[in-house]
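Subject: Structure handover and what was found

Dear colleague,

Please find the structure below, together with its sequence.

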Amino acid sequence: MHYKLSKRKTLLLLPLTIAFLILAAFRFAGNALHPLEPLSQHYKTLSELSPLPDNSRAWMDTVRYPWAEYGKGAQGNTLWRTVYLSGKLEAMLPGLVTPPANSSDQTRAELDYLLRLQQNRTPQEVARAQYIANIGSWPNILNPEDPDYLENRKQLFYIASPVGEWYNDKNFPATTELLLNCIQDIRVTEFRLKWHFKRARPYHLEPALQPLARISSPSFASGHSLWAFSEAFLFAEIIPERRADFLKMAEEVRWSRELMGIHYPSDNEASRVISWNLLSAWSKDPAFVEALKKARKEWKDWNKSNQRK
């Protein structure tokens, strides 16, 4: 798969100039959004390598995600409707990120990094990554009789678990409603991005990789990381003083996808950038602003009530 040079000038490869331009354009209930945190050193080192095709590895650019492995559910999920995300703003998202070429020095370095993770991962790390792999809420589990219904709602609050087990769907119904709507937008965005880019998984390019799972959808961007960072940024708008805790949880989700050998670091960095821009886009929707206002009030009222006890 070949890319034009102009498509390389994205948030994955340059300082976050575009992100901060967007930040200036978006206002959140009268206040500027918290800036997107800078690139982590983990990704910065990789992103400094060339993302352009390398003719010595040209065969890699012929590899795309195999249609035979593309799940019907993953394809069907692209048809869901968004709730807070307008079509106009959604159309902007794919232009903010671009994967490095399969044959590029950057992708080669990312694959080598994944091989090192594979060589050094411990049984404890594997168990943790596989546990995280089973976390993540879905917008189509709506029937209370569904055996996954309660767990699905519980997992809406996974990224906020540092706050405490009492911060949950039962005690915070307004927050739960907000999260359910945001999860729908997150999942729609995830699968439409995957459909747009159709990036091969790391194990499609590197035979020595032994992934801990094989996934029935393309690699770019990471759905787990998109969910995790989107919720981290959202919870940080409700409880700003816990932002670092929420981002730490999201970073662990990111790490788990790389440890499992199923995502490139650039997949995860793209998800982090898209997540921040999702929040920016949501802030343009009056229904989201009102729903967030209710979630913030619910948080404050709960704390006041429990302080009096």
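Does K198 count as buried or exposed? With a relative accessibility of 15%, K198 counts as buried, where buried means under 20% relative accessible area, exposed means over 50%, and partly exposed is what lies in between, using a 1.4 Å probe and protein chains only.

Before going on, please note that this is a predicted model, in which local features need pLDDT of at least 70 and side-chain atom pairs count only at pLDDT 80 or more, while totals for chains, interfaces and linings use all residues. Residues are numbered from 1 along each chain as its sequence is written, and side-chain values use heavy atoms, with hydrogens and water left out.

The overall picture

The protein has 13 helices and zero strands; helices (H or I, at least four residues) and strands (E, at least two) are DSSP runs, numbered from the N terminus. Of its 309 residues, 56% count as buried. If we take a contact to mean heavy atoms within 4.5 Å, then among the contacts with a separation of 6 or more, 83% are made by residues 24 or more positions apart.

The nonpolar cores

A nonpolar core is a set of buried Ala, Val, Leu, Ile, Met, Phe, Trp, Tyr and Cys residues joined through side-chain atoms within 4.5 Å. In soluble globular proteins, nonpolar side chains tend to be buried together. The largest core here holds 57 residues, and I159, Y167 and L178 are the ones that touch the most other members. Helices α8 (173-197), α10 (223-238), α11 (243-259), α12 (265-282) and α13 (286-307) each supply at least two residues of this core, and α10 gives the most to it, with 10 residues. Apart from this core lies another, of 16 residues, among them Y113, L209, L259 and M260.

Y167 and the aromatic rings

Leaving out residues up to four places away in sequence, Y167 touches F157, A160, F172, T175, F235, I238, I239 and W299. Rings of Phe, Tyr and Trp (its six-membered ring) pair if their centres lie within 6.5 Å, and planes under 30 degrees apart count as stacked, over 60 as edge-to-face and the rest as tilted. By this rule the count comes to 22 aromatic pairs. In one of them, the rings of F157 and Y167 have their centres 5.1 Å apart and their planes at 80°, so the pair is edge-to-face. Both F157 and Y167 lie in the loop between α7 (149-154) and α8, so the pair ties together parts that are 10 residues apart in sequence. F157 is buried, and so is Y167, and the two belong to one aromatic cluster that also includes W166, F172, F235, F246, W299 and W302.

K198 and its surroundings

To return to the residue of the opening question, K198 lies in the loop between α8 and α9, and its phi is near 50°, a positive value in a residue other than glycine. A charge sits over a ring if NZ of Lys or CZ of Arg is within 6 Å of the ring centre and within 35 degrees of the ring normal. The charged end of K198 sits over the ring of W195, 4.3 Å from its centre, while R199 lies over the face of Y264, at 3.7 Å from the ring centre.

Two places elsewhere in the chain

Where is Q118, and what does it touch? Q118 lies in helix α5 (residues 105-120), is buried with a relative accessible area of 17%, and touches A208, L209 and Q210, not counting residues up to four places away in sequence. L49, by contrast, is found in the loop between α2 (41-47) and α3 (72-76) and counts as partly exposed, at 34% relative accessibility. The C-alpha atoms of L49 and Q106 are separated by 5.0 Å, although these residues are 57 residues apart along the chain, and L49 is in contact with D105, Q106 and A109 once its neighbours within four places in sequence are left aside.

With kind regards
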